[in-house]
Amino acid sequence: MSAAQDSYSMFALLGLVLGLVVGIYLIDRAWRLRQQAHEKTTGMLKQSHAYSLNLVKHFMPSFKVQKYQFRGMQAKAGTADIAFEGLSLELKSGRRVLDGVTGQFLAGRLCAIMGPSGAGKTTFM
């Protein structure tokens, strides 16, 4: 082989190696861009999940949300109203703590039982 053919072969080999390096770089770059887009989408899903958990924790603090997955708003399957009339309770000592209590608790409504200390609120519950 002559020196000209050796240098031509060397340039061809160098060009081939350079082409492979550039090709691998472009493939890697495209893969990284797809991964970043995927991470962004996944991050948004994680953020929306975390936001829904925070909403549940804020509005229903006693609700356990460890394995809770928000699935959207759904209609309640059923409701119940509670009504009572003339409710009374007399202790063994003969003391009457409740006498003629009447009322109702409507489904979906917030109710409060109020009264002075010793009035029988806890007993009523």
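**View 1. The aromatic pair of this predicted model.** By the ring rule, in which rings of Phe, Tyr and Trp (its six-membered ring) pair if their centres lie within 6.5 Å, the count comes to one aromatic pair. Phe84 and Phe105 form this pair, which is tilted, with 5.6 Å from centre to centre and 45° between the planes; planes under 30 degrees apart would count as stacked and those over 60 as edge-to-face, the rest being tilted. Because Phe84 lies in strand β1 and Phe105 in strand β2 (residues 96-105), the pair ties together parts that are 21 residues apart in sequence. Helices (H or I, at least four residues) and strands (E, at least two) are DSSP runs, numbered from the N terminus. Phe84 is buried at 18% relative accessible area, whereas Phe105, at 25%, counts as partly exposed; buried means under 20%, exposed over 50% and partly exposed in between (1.4 Å probe, protein chains only).

The model is predicted, with local features needing pLDDT of at least 70 and side-chain atom pairs counting only at pLDDT 80 or more, while totals for chains, interfaces and linings use all residues. Residues are numbered from 1 along each chain as its sequence is written, and side-chain values use heavy atoms, leaving out hydrogens and water.

**View 2. The hairpin of β1 and β2.** These strands pair in the antiparallel sense over six bridges, where pairing requires that DSSP finds at least two bridges between two strands. Five residues lie between β1 and β2 in the hairpin, and Gly94 in the turn has a positive phi of about 95°. Glu90 stands opposite Arg96 in β2.

**View 3. The surroundings of Ala80.** Ala80 is placed in the loop between α1 (3-59) and β1 (82-90), and counts as exposed at 58% relative accessibility. Apart from neighbours within four places in sequence, Ala80 is in contact with Phe105 and Ala107, contact meaning heavy atoms within 4.5 Å.
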